[in-house]
Amino acid sequence: MRGVATISQSALLYNLSVVKKYAPQAKVVAMVKANAYGHQLDLVTPLLENADILAISEIKEAQKLRRISDKPILLLSGVHSSEELQQAINLNCHCMVHHSSQITLINNTTQTLNIWLKIDTGMHRLGLSSDEYQQCLSSFKSNPLINIKCVMSHFACADEQNHPMNQAQLKTFNTLTDNKNNRSMANSAAILSLPESIFDVVRPGIMLYGALPFKDNRFTLKPVMQLSAPIISIKTLQTGDCVGYGASWTANKQTTIAIIAIGYGDGYPRHATNTTPVLINGALHLLVGRVSMDMIAVDIGSAKVAIGDKAILWGDKKLRVETVAHHSGTIGYELLTGVSARVSFVSGK
Ligand SMILES: *Cc1c(COP(=O)(O)O)cnc(C)c1O
């Protein structure tokens, strides 16, 4: 009896329909990097079937994805050697060009190649400077083997709706590009809150999985991953009794503790504080004491529970992954991508 991550197929479809509602004209690149944000590539079939393009970070992920999908694959990191270039071509990947060191490599291709150009408009992580971008455009235009599929850039602060960087980056992007090429700027946060950043192609990630990149209850995304685990022990504690490693929590009155078979070895955050809710039989209760590798303790007060009852750690209308992230000093992205292989992943309605 251990943790189970149930991946809702209808929630994936619903969240994709929300993307289409906000960006009805745009092509959709479904971001499925990091094993579909931890949801497992082979369990996100509605995305693989209904997105226009699928994006992953590196060749190994592309190999795995190609076994289960015929869709175009965008290789976000691009290629860094002629071996990788050949692998990318064999896998029918679109290659990102984000650094000037990739220009010669790409230009030496002996087969037709679809590329994307990534411009750095202010995030200063990946991306070509405006000069390098112009250089790419002219150099690749004279190469009949190279198709420029799209030019794109990435926001640094899209999850902060009024951050001045957003308009500054958009302005730079608009200055450098025109509608002769397909353009792409919007990630989830921008799709939902910066309509002027929606060009020909959008790149939703976290919203497809039903989590929001910012706090805002206007949006009705459906959680895709429900992480649950069974209760494996129940104990009555007297005033003064403590729980778990470090004896960090002590009962200040008589109460009942449920021990749940999930811990940091499963990807439940060790930094979750004693303000973190856990959902048991429809009611929220609080985590108590430290998170162990294999289990956590929850103060259930006088609630009626039994060994084997299911505790939901996240992925319910009443308990979203964002809430657990908030109480653990992290973000939903990290919790979702961090669920470990010990958890059983299953496809659900
Ligand atoms: C991961 C990623 C996205 C998706 O971001 P979300 O915040 O998950 O929507 C979009 N674009 C690029 C380049 C990315 O790497």
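Helices and strands are taken here as DSSP runs, numbered from the N terminus. In this predicted model, residue I307 falls in the loop that joins β16 (296-299) to β17 (310-314). I307 also contributes to a nonpolar surface patch of about 450 Å², whose other members are M1, I232, I234 and M295.

Two positions, K33 and Y245, carry the annotation "active site" in an unreviewed UniProt entry. These positions are spread over 213 residues of sequence and are also spread in space, with up to 35.4 Å between C-alpha atoms. The two sites were therefore examined separately, in terms of their place in the fold, their accessibility and their contacts, with buried meaning under 20% relative accessible area and exposed over 50%.

K33 is located in helix α2, which covers residues 33-37. The relative accessible area of K33 is 27%, so this residue is classed as partly exposed, because the value lies between the limits for buried and exposed. When residues up to four places away in sequence are not counted, K33 touches A55, I56, S57, E61 and L76. A further annotation in the unreviewed UniProt entry, "modified residue: N6-(pyridoxal phosphate)lysine", also covers K33.

Y245, in turn, occupies the loop between β11 (242-243) and β12 (249-250). With a relative accessibility of 58%, Y245 counts as exposed, because the class begins over 50%. Once neighbours within four places in sequence are left aside, the contacts of Y245 are with R290 and S292.

A further loop position, N181, was also considered. N181 is placed between α8 (164-176) and β8 (183-184), in the loop that links them. The relative accessible area of N181 is 17%, and the residue is therefore buried, since this class covers values under 20%. Apart from residues up to four places away in sequence, N181 touches Y133, L137, I148, V151 and D200.

Taken by accessibility, N181 is buried, K33 is partly exposed and Y245 is exposed. By location, K33 belongs to helix α2, whereas Y245 is found in a loop, and N181 likewise lies in a loop.

Technical notes
Residues are numbered from 1 along each chain as its sequence is written. This is a predicted model: local features need pLDDT of at least 70, side-chain atom pairs count only at pLDDT 80 or more; totals for chains, interfaces and linings use all residues. Side-chain values use heavy atoms; hydrogens and water are left out. Patches are made of residues with over 30% relative accessible area and no salt bridge: like charges are joined within 9 Å, nonpolar side chains (Val, Leu, Ile, Met, Phe, Trp, Tyr) within 5 Å. Accessible areas come from the Shrake-Rupley method with a 1.4 Å probe; for residues, only the protein chains shown count as cover. A salt bridge is a side-chain nitrogen of Lys or Arg within 4 Å of a carboxyl oxygen of Asp or Glu. Helices (H or I, at least four residues) and strands (E, at least two) are DSSP runs, numbered from the N terminus. UniProt positions are given in the numbering used here, feature names are shortened, and annotations may be inferred rather than shown by experiment. Buried means under 20% relative accessible area, exposed over 50%, partly exposed in between (1.4 Å probe, protein chains only). Contact means heavy atoms within 4.5 Å.
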